[in-house]
Amino acid sequence: MDTKIDKLNTELSPNHPKSFSSDAASFWSLVESREFQEIMMLYRCAIREVQTKFEVLDDELSHRRNRKPIEYIISRIKRPESIVEKLYRKGYPLTIDSIRQHLNDVAGIRIVCSFIDDIYDIARMLVKQDDITLIEVKDYIRNPKLNGYRSHHMIIEIPIFLSDRKEMMRVEVQLRTIAMDFWSSLEHQLKYKRDIPHADDIVSELKDCADVIAHTDARMQEIKNRIYVNDTRIQDLWNLQEETI
């Protein structure tokens, strides 16, 4: 068996049928095609476009507020193995068109902010830009997952201008505080590490930590508001409405 297929099959759940190997062989042929390389290039371009927008907002707000709302930015492109696994798990065809139509998280960018209100300010400002189309919002800060996960997720669509055409590409944007990002990193390690002793106890402790972090984020927000009590809110400057993004 091709070593690439071996590598791919190790990524998959044991519940997947062995017949997947033939599909994997077909997809690996596609992965090495010019079409696949081109769509990955488009996703990389989309990430650069979105990252630049956030960097510009960070520069502007740093000037207006005398402090940086964004601590750091992380981006990633989904690995071919992960693309295959997700399409197969959801029952979608293993094609380029299927990637574009069904996967919204091939290109992902994470924005880590100082405070909770920075998250919502920046999210609103981004989707107000006329070349951004908001596809979906999942607010896990106001509505955390059962395990305690908190983050603000958006799927956006952005145009990529090539030499001969315009392509609309989707990017998943996650906005978190530093504390949320720290918690998520540890929870991610637990999710993908096997045979952890006392895993149930660790899950429970992580949920408790998530609640403590949420309380701490709220207190830090209150302290920040007291420090900057006389400063004009950037929402007022932008004449933002009360809609939730």
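Is Cys 113 buried or exposed, and what is its relative accessible area? Cys 113 is buried, with a relative accessible area of 0%. Here, buried means under 20% relative accessible area, exposed means over 50%, and partly exposed covers the values in between, computed with a 1.4 Å probe on protein chains only.

The model is predicted: local features need pLDDT of at least 70, side-chain atom pairs count only at pLDDT 80 or more, and totals for chains, interfaces and linings use all residues. Residues are numbered from 1 along each chain as its sequence is written, and side-chain values use heavy atoms, with hydrogens and water left out.

## Overall architecture

The secondary structure of the chain comprises nine helices and five strands. Along the sequence, the elements follow the pattern α-α-α-β-α-α-β-α-β-β-β-α-α-α. The chain has 245 residues, of which 43% are buried.

## Strands around β2

Strand β2 (residues 107-113) is mostly covered, with six of its seven residues buried. Two strands are taken to pair if DSSP finds at least two bridges between them. Strand β1 (residues 70-77) and β2 run antiparallel and are joined by seven bridges; Ile 73 stands opposite Ile 111 in β2. Strand β5 (residues 166-177) runs parallel to β2, and six bridges join the two. Cys 113 stands opposite Thr 177 in β5.

Another cysteine, Cys 45, counts as buried because its relative accessibility is 15%. A search of the whole structure finds zero disulfides, a disulfide being a pair of cysteine sulfur atoms within 2.5 Å.

Helix α3 (residues 34-65) has 32 residues and reaches 46 Å from its first C-alpha to its last, close to the 46 Å expected at 1.5 Å a residue. The expected span of a helix is 1.5 Å times one less than its number of residues. Just after α3, Asn 66 takes a positive phi of about 65 degrees.

Helix α6 is mostly covered, since 12 of its 12 residues are buried. The buried residues of α6 include Asp 117, Asp 118, Asp 121 and Arg 124.

Gln 101 lies in helix α5. At 56% relative accessibility, Gln 101 counts as exposed. The C-alpha atoms of Gln 101 and Arg 170 are separated by 9.7 Å, although the two residues are 69 residues apart along the chain.

## Nonpolar cores

A nonpolar core is a set of buried Ala, Val, Leu, Ile, Met, Phe, Trp, Tyr and Cys residues joined through side-chain atoms within 4.5 Å. The largest has 45 residues, and Phe 54, Ile 99, Val 173 and Leu 175 touch the most other members. Each of α2 (20-31), α3, α4 (80-90), α5 (96-102), β2, α6 (116-127), β4 and β5 supplies at least two residues of this core. Helix α3 gives the most, with 12 residues. Apart from this core lies another, of seven residues, among them Tyr 140, Tyr 149, Trp 183 and Leu 206.

## Aromatic contacts

Rings of Phe, Tyr and Trp (its six-membered ring) pair if their centres lie within 6.5 Å; planes under 30 degrees apart count as stacked, over 60 as edge-to-face and the rest as tilted. The structure holds two aromatic pairs, listed below.

| Pair | Geometry | Centre to centre | Angle between planes |
|---|---|---|---|
| Tyr 140 and Tyr 149 | edge-to-face | 5.8 Å | 65 degrees |
| Tyr 149 and Trp 183 | tilted | 6.5 Å | 55 degrees |

Tyr 140, Tyr 149 and Trp 183 form one aromatic cluster. Relative accessibility is 17% for Tyr 140, which therefore counts as buried. Tyr 149 is buried at 8%, and Trp 183 is buried at 5%.

Charged side chains also lie over rings. Such a contact requires NZ of Lys or CZ of Arg within 6 Å of the ring centre and within 35 degrees of the ring normal. Lys 145 lies over the face of Tyr 140, at 4.9 Å from the ring centre. Arg 67 lies over the face of Tyr 228, at 5.5 Å from the ring centre.

How values were computed: Helix = DSSP H or I, 4+ residues; strand = E, 2+ residues; numbered from the N terminus.
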